[in-house]
Amino acid sequence: MDAVSQRVLQYLTEVEEAAEDVLTSKQQIVDLDSKRNRNREALNALKTEIPDSEKVKVCFGNMFIKFPKSKTKEMIEKDQEQLEKEINDVRKGLKAKVNRLNEMQGNPELRGYNLCPLSTDELKALNSILKI
């Protein structure tokens with residue numbers, strides 16, 4: 001192969017790798033969100049269906065262990081916090097990966113893609129200013 005063909009092949013390989021990286025991140029977000037939804041369902045079941053005094057069976061790997069309801073709820077809530085953090089981290093990384101892919105393809109950067117929502121404090125401050 002000549003030098004031009006080699007460069008074109010290398011460029012296409014790099015673009016394909018960047019696209020695969022974006023797709024992998026999107027799939028990771030979907031998987032983490034699915035786990036988060038299962039945890040949410042478990043928390044709702046603990047709140048509504050099981051008396052506080054009972055122990056519940058929790059699946060760890062391929063075995064079930066009985067735990068007090070309060071400890072189980074606490075573990076699931078910690079897992080939810082960790083999942084939220086992971087999802088946010090992957091989403092932040094995804095923005096950079098999509099911008100890199102667009103740059104490699106010669107497309108302009110997406111407008112408004114780096115926007116983030118107002119925090120609770122910012123929203124309260126904005127509401128207090130607008131009510132004056």
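User: How many residues apart are K85 and D89 in helix α2?

Analyst: K85 and D89 are four residues apart in helix α2, which means that about one helical turn separates them; helices here are DSSP runs of H or I with at least four residues, strands are runs of E with at least two, and both are numbered from the N terminus. The two residues form a salt bridge whose closest N and O atoms are 3.3 Å apart, a salt bridge being a side-chain nitrogen of Lys or Arg within 4 Å of a carboxyl oxygen of Asp or Glu.

User: And how accessible are K85 and D89?

Analyst: K85 is partly exposed at 49% relative accessibility, and D89 is partly exposed at 38%, where buried means under 20% relative accessible area, exposed over 50% and partly exposed in between, with a 1.4 Å probe and protein chains only.

User: Before we go on, what kind of model is it?

Analyst: This is a predicted model, in which local features need pLDDT of at least 70 and side-chain atom pairs count only at pLDDT 80 or more, while totals for chains, interfaces and linings use all residues. Residues are numbered from 1 along each chain as its sequence is written, and side-chain values use heavy atoms, leaving out hydrogens and water. The mean pLDDT, the predictor's confidence in each residue from 0 to 100, is 88 for the protein, with 98% of its residues reaching 70 or more.

User: Where is confidence lowest, and where highest?

Analyst: Confidence is lowest in strand β1 (residues 55–60), with a mean of 85, and highest in α1, with 93.

User: Back to charges: how many salt bridges does the structure hold, and which residues does R36 pair with?

Analyst: The structure holds five salt bridges. R36 pairs with D33, with closest N and O atoms 2.3 Å apart, and also with E84, at 2.6 Å. Because R36 lies in helix α1 and E84 in helix α2 (residues 69–105), their pair ties together parts that are 48 residues apart in sequence.

User: Is R36 buried or exposed?

Analyst: R36 counts as buried, at 11% relative accessibility, whereas D33 is partly exposed at 24% and E84 is partly exposed at 32%.

User: Switching to the surface, which residues form the nonpolar patch?

Analyst: V4, V8, Y11 and L12 form that patch, with about 350 Å² of accessible area together. V4 itself sits in helix α1 (residues 3–48). Patches take residues with over 30% relative accessible area and no salt bridge, joining like charges within 9 Å and nonpolar side chains (Val, Leu, Ile, Met, Phe, Trp, Tyr) within 5 Å; accessible areas come from the Shrake-Rupley method with a 1.4 Å probe, and for residues only the protein chains shown count as cover.
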